[in-house]
Amino acid sequence: MTRILRRTFLRHLLRHPWQTGLTGLGVALAVSIVVGIDLANASAERAFDLAIEAVAGRTTHEVIGGPDGLNESLYTELRSSGEPWARRSAPVVEGRISIGDARRSLRLLGLDPFAEPALRDLGADVFSVDDGALGDLLVEPRTVALAASLADELGVDVGDSLEVTTANGTAVVRLVSRIRPRDELARRAARDLLVADVATAQELLGQVGRLDRIDLRLVDGEADAIRSWLSERSGSVEGIEIRPVAARSGALDQMTRAFRLNLEALSLLALLVGVFLVHNTLTFSVVRRRPLLGRLRALGVQRRELLSLVLLEGAVLGGIATAVGLVLGLVLAEGLLGLVVRTINDLYFAVEVQNVSIDLRALAKGGLLGVGGSLLAALAPAREATTSPPRWALLRSQFEQRTLRSAPRLAAAGLLLCLLASALLAWPSRSLPIAFAAIFVFVLGFAGLVPAATVAASHLATPLMGRGAGLVGQKILGRMAARGVAGSLSRTGVAMAALTLAVATTLGVQVMILSFRATLVDWLETTLQADVYVAAQLRSGGPAQTLGAHWTRVVSDLPGVESVVSQYRTQALVQRADGTLDPIPARLAATRVDRRGFDIFRILEGDERGLYEQFASGHGVLVSEPFAYHRDLGVGDTIRLMADDGVGDFPILAVYSDYATDRGIVTFHRDHFEQHFRVAGERNHSLGLFLASDRNIDDFVDDLERRLEEVHSDRPNHEPLPRVVANAELKRLSLEIFDRTFAITGVLRLLAIGVAFLGVLSALMALQLERARELGVLRATGLTPGQVWGLVTLQTGVMGSIAGLLSLPLGAALAALLVHVINKRSFGWTLAYQLPPMALVQALGLALVAALLAGLYPAWKMSRSSPALALREE
Amino acid sequence: MNHSSTLDTSSHQQPILSLQAVTKIYDEGGSRQTVLDSVDLQIAAGERLVLLGRSGSGKSTLLNLLSGIDLATSGSVRFEGADLARLSERERTLLRRMRVGFVFQFFNLIPTLTVEENLLLPLELAGRSTTRESKRALELLDRVGLAGRRGSFPDVLSGGEQQRVAIARALVHDPVVLLADEPTGNLDEETAEGVLTLLQETLAATGKTLVMATHSRTVAGLGDRIVRVHGGKLETEPNSVTL
Ligand SMILES: Nc1ncnc2c1ncn2[C@@H]1O[C@H](COP(=O)(O)OP(=O)(O)OP(=O)(O)O)[C@@H](O)[C@H]1O
Ligand SMILES: [Mg+2]
C-alpha cells in the first residue's frame, strides 16, 4: 500500500515539473542567501582573527601603554625581575610600511627572535625557515624576513635589498630569511607580514627606545602578579595596563558587529520571504491533490499515513532544494565576500581575504532553516487536507470560500502582532536583538493583513477596472480580472504577501540608505568647511600616518591661507565608573581650531554660547554622538581616560554629530591635549585650510602642490609627500565610500526580489493549472488567445499593483524603524528620516514589473493551451 | 427518401454544417487512436440533430470539430460553407463568438462573474453590449426563471439553475448554431426534464440549429434526427425524421 502511495506522490511531483522546480528553487534561493551572507561574514571574521593571531600568536596577555607606547626599559626591567613569568615575555613593535612604489602596504612586526620561541610558534610550528637564518635578524642591522610567497611576489631573494617607506621616511633593508608558513592559515596571515628585529623596526618606524607592547604568555593568577609588579613601579609607569589579548579581538568584533548585524537582518528577511514561498507552493501542491487525498481516504488510507506522506514529501523536496541552496550559497559567498571585505576595509581596517572558509555552523544553520522551513510550511496544509472530510475535499469553490472567510481572522492576528511589535519597540531598552525581534514580528503581522487587504482592494478595483475596460467595450473582462485576484486568494495570497514583503524590504532599506546619505551630505556640508585639506598619504589600514610639524608651517605660510584647523588622532583607554577598563579604547582627536573653524562642530547637546572659549581654554572635551550614546554619557558627565600624565577626568562640554566612525570620538583642543598626552613634536594627521574669499581654489591647490613638492625634493628621505584634497573632492570621496558600503545591500535586495518573483511565478503557474477549464469555456465562448493573454496579464497587473501599494506603508514603516531604532541602537547615530516620493514610485513600479514579468510565461501558456484539451479535464 | 447509407440531407438548401471524409486521430505518445474514421455529415439550418453514443465513442470530439475548437486530422469541416481548417485561430474564435452557442455538461459558468455578467459576456465579446441587448438578455434570464438571481455568483446556484443560466448564455447573442455536450448529464431526471423542455421551447421559438451529444435515449427524443456515433463511424437512426 505505502509503496503505491509513495508512487502516487512521486508521480504528482514529476508530472508538474514546473511547480516542483519552482518550489525547490525558492527554497534553494532562500537558503543560499542566508548561507551566503553567513559564510561571507564568517570568512571575513576569520580573516580578522588570523590577522590578530599572526601578531599575537599564543600570547594570552599584553602590557600596553599610552598612545606613544612603552619605554623599552620597562621590558628590560621585567625581563630581569627573576619572576617565573618573566621568561615568557616578548617585546613587540608594530607598524605599517610600504614597499617600492608605495602601492604595496605591509605590516612590519618588530620581534626579539630570542624571546619569541618561548612565547610564539613563529619560526617553529607555524613557520619554518626556508632559506637564510632568522638569527641574522638580530646580528645584522636593517634586515628583515618575509614569507617565501611574498618574497617571490615582490621578486626578492635572500641577500637582496628592498626600499621601504614609513611615516619616518624611506630606508633600505636587506632580506636575510625567507620563512615558509606550515599551513594555510599561517600562509594567509603571512601574506602581508614583514618581520624584523625590534631595534630595526624601531628605527624604521621612528620610535627608538619605545615598544608598542609587551606580549606575555601567562597561566592563572599571573596577570594579578604582574599587575602588582607594575603598580609597584607606578611612579614611572603610570597609564600602563595589562590586559588579556582576547579583549583586543573583542574590540575588533565590536566594530564589525554592527555592520554584520545589518547583513544578517537582511538575510533573515530573505529567509522569511523564502519560507513564505515554500509554504505557498507546498500548500498548493497539497491542496491540488485534495480530490486524490479524498479518494485515498475513501479507499481506507489512514489520516496518519497521508499526513506522514505529505510531510515526507516536504522533507525530501526541502532536503534536495536545501542541498542545492548550500552549494549556491557557497558561490554567492564568494561574490559577497569581496563586498563585505571591501566595506570593512573602507570602514575599519585593511584585511586580506581571498577564499571563503567553509564554516560548518553557517552550513548547518542554512540546512536546518531549509529543511525545517519546508517541513513547517508543509505541516499546515498537510493537516488541513487530511483532517477535512473526504467529500469536502472535492469542492474547490468551497475551499476558496473558506480562504476568503479566514482572511479577516488572519488580519486580526496580524493586527495583534503589530501591536505586540509596537509594545516591544516602546519598551525602554537599547537592545538590538529586541529591536530586530520587534521588526520581525511587525513584518509578520503586516503579512497577515495582506490577504484581507487584497480582498478589499480587489472589491474596490472591480468597478474601476470594469469602467476602465468598458471604454474599450470589455467591461465584464475588466471586472473579471479584478475579481479574480480575490477569487483565487488561496493560490495567490501567500505569493502576494511575499511580494509585498520583498518590495517593502527593498523600499525600507532604500529609504534608510537615502535618509542616511542625505544626513551624511548635510553633515559633510557642516564638517568639511575648510577649502582644502592636507593629509599624509593614504595607507590601507594600520595606524594612519602623520605629518611633521614643518608641513604645518609650510602650509600656513602660503599666501591666501586665512586659518588652519589641525587634527591629530590617537587612542586612549577608558576607565569605567567601577574602576574596570573598557576593552574598547576611545578614539581621541586633538584639534587646533580658531573661532571660525569651530563651526565645523554641529552641536547636538550643550550650550553653544561660550562653548568655544571653554573648549579652547581646556575646560573640557567634546564627544561625538555615538560615543555619548554607547557609553550613555551626556553634557556635564566626565570621562576618565588613561592619559600619559596619569588617569584624568575630562568633563564633557557638548555632544556633536559625527558619522565618520560609529565607535565615537573624543575631541580635545590641541593645547589641552598636550597638557595630558605626549605627542612627538607638532605632528598632525590632517590640516584643513580656510582661504581668503578672493583666492581661487584650483589656483591655490596648484600653488600648494608645487610648494609641497619643492619642500619634499629638498629632503626626499625625510617624509613622504603629503596629499592635497580640495573640499569638493573630499566630499565626493566620502560619499563614494558610503555608496560602496551599501553596494552589498543592493545585491541582497535584488536577491530578495528574485525570491518573491519566484513566488509569484509559481502561484501563477498553479493558477494556470487550476483555471484551465475556466479558460477553456471562455475560449469556447469566443475569447481569442490574445484576449486570454490580456485577461491573465491584466490580473497579474492588478496583483502587482495591490502588492506594490501595500508595500508602501510597510516599507515606509520599515525605513523609519531602521533609521530611528536600528541605526540608533547599533551605531548611535541620529539620522534624518526622509521619504522621497520617487522611492515610492519606484517600489510601486518594482512590484508591478516583477508581477508582470512573472505573469508573462503563465499568461502565454494559458493563451496557447488547447481549449479542447482544457474542456476534457474536469 | 433513403437515408440509411449516406447521411446526406435531402434538403436542397445549403447545409449550415458539413463534414466531408473527416478523420480524427489522437496521437498520444506513439499510441494512435482513430476516433472518427472518414465520416460525412450534413446538418441543415434549423435542424435538431442528436449525436447518440457510448462514452468514449467520439461525440465530444465531433462537437469540438464542428465548432473549430479542435481540428480534424484529415477531411474538411465547413461552417456555413467556410472550411474551418483554412481559417486562422483568431477567425475560428470570432466565428464561434458570433455564430455559435455552447452548453457543456458542467462547469459552464465563470465563477468570478455574477449570473448577469456571465450572461452578458457573449454580448460584450460580440461588441453588442447595448442597453437594448442587455434588456433582451434580462428577458431571457426571466424566461429561464432566474431573473431573481442575476446578482448571484454561480457557486451558490444549484446544478439545474447553472445549466439554465448556461442555456440562456448560449442563446443570448442570437447564434445560428447551438452546440450542447450532454447538457443534462449531471442532473437528476426531473431537473433534466425541465432543462430539456426549456431548450426545446427556446429553440422552437427561434428556429435555431441544434447539435446535441448524449448517451441517453430519452434525451435523444428531443431531436429531429438521431445519428449514432459508433466505432469511428456515423449512422443515422432509421426512425428519425429529416426536415
Ligand atoms: N485530447 C485527447 N487526447 C487523446 N485522446 C483523446 C483526446 N480527446 C479524446 N480522446 C479519446 O478519444 C475518444 C473519444 O473521446 P470523446 O471525449 O470524444 O468521447 P465522448 O463520446 O464524448 O465520451 P463521453 O460520453 O464519455 O463524454 C476517447 O477514447 C478519448 O479517450
Ligand atoms: Mg463527451
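Here are some friendly notes on the predicted two-chain model above, taken chain by chain.

1. How to read the labels and values. Residues are numbered from 1 along each chain as its sequence is written, while chains are lettered from A and ligands numbered from 1 in the order in which they are written. Since the model is predicted, local features need pLDDT of at least 70, side-chain atom pairs count only at pLDDT 80 or more, and totals for chains, interfaces and linings use all residues, with side-chain values based on heavy atoms and with hydrogens and water left out.

2. A charged patch on chain A. A:Arg3, A:Arg6, A:Arg7, A:Arg11 and A:Arg15 come together on the surface as a patch of positive charge. Patch members have over 30% relative accessible area and no salt bridge, with like charges joined within 9 Å and nonpolar side chains (Val, Leu, Ile, Met, Phe, Trp, Tyr) within 5 Å. A salt bridge here is a side-chain nitrogen of Lys or Arg within 4 Å of a carboxyl oxygen of Asp or Glu. Lys and Arg count as positive, and the charge of Arg is placed at CZ. A:Arg15 belongs to helix H1 (residues 2–15) of chain A; helices (H or I, at least four residues) and strands (E, at least two) are DSSP runs, numbered from the N terminus. A:Arg15 is exposed, at a relative accessible area of 64%. The classes are buried under 20% relative accessible area, exposed over 50%, and partly exposed in between (1.4 Å probe, protein chains only).

3. A nonpolar patch on chain A. A:Leu312, A:Val316, A:Ile320, A:Val324 and A:Leu328 make up a nonpolar surface patch of about 410 Å². The areas are from the Shrake-Rupley method with a 1.4 Å probe, and for residues only the protein chains shown count as cover. A:Leu312 sits in helix H11 (residues 303–347) of chain A and is partly exposed, at 42% relative accessibility.

4. A:His459 and A:Arg483. You will find A:His459 in helix H14 (residues 432–470) of chain A. This histidine is exposed, and its relative accessible area is 54%. Its C-alpha atom is 6.9 Å from that of A:Arg483, a residue 24 positions away along the chain.

5. Strand pairing in chain A. Strand S19 (residues 638–643) pairs in the antiparallel sense with strand S15 (residues 574–575) over two bridges; two strands pair if DSSP finds at least two bridges between them. In that pairing, A:Gln575 is opposite A:Arg640 of S19(A). S19(A) also pairs with strand S20 (residues 646–656), again antiparallel, over six bridges. There, A:Ala643 has A:Gly646 as its bridge partner, and the hairpin from S19(A) to S20(A) passes through two residues.

6. The sheet in chain B. Which order do the strands of the open sheet take? The four strands run S2-S1-S4-S5 in chain B, with antiparallel pairing. Strand S2 (31–43) and strand S5 (82–83) are the edge strands, each pairing on one side only.

7. Inside that sheet. Strand S1 (residues 17–28) of chain B pairs with S2(B) over nine bridges, in the antiparallel sense. Among the facing residues, B:Tyr26 is opposite B:Gln33, and B:Lys24 has B:Leu36 as its bridge partner. The hairpin of S1(B) and S2(B) has two residues between the strands, and B:Gly29 takes a positive phi near 55 degrees in it. S1(B) is also joined to strand S4 (residues 74–79) by five bridges, and these two run antiparallel; B:Leu19 is bridged to B:Val77 in S4(B).

8. Positive phi in chain B. Where is B:Asp174 found? B:Asp174 is in the loop between helix H5 (159–171) and strand S7 (177–181) of chain B. Its phi is positive, about 60 degrees, although it is not a glycine. Most residues other than glycine have a negative phi. B:Asp174 is partly exposed, with 45% relative accessible area. B:Glu182 is another non-glycine residue with a positive phi, near 45 degrees, and lies in the loop between S7 and H6 of chain B. Is B:Glu182 buried or exposed? B:Glu182 is buried, at a relative accessible area of 11%.

9. B:Thr206 and B:Gly101. B:Thr206 is part of helix H6 (residues 189–206) of chain B and is partly exposed, with a relative accessible area of 42%. The C-alpha atoms of B:Thr206 and B:Gly101 are 13 Å apart, with 105 residues separating the two along the chain.
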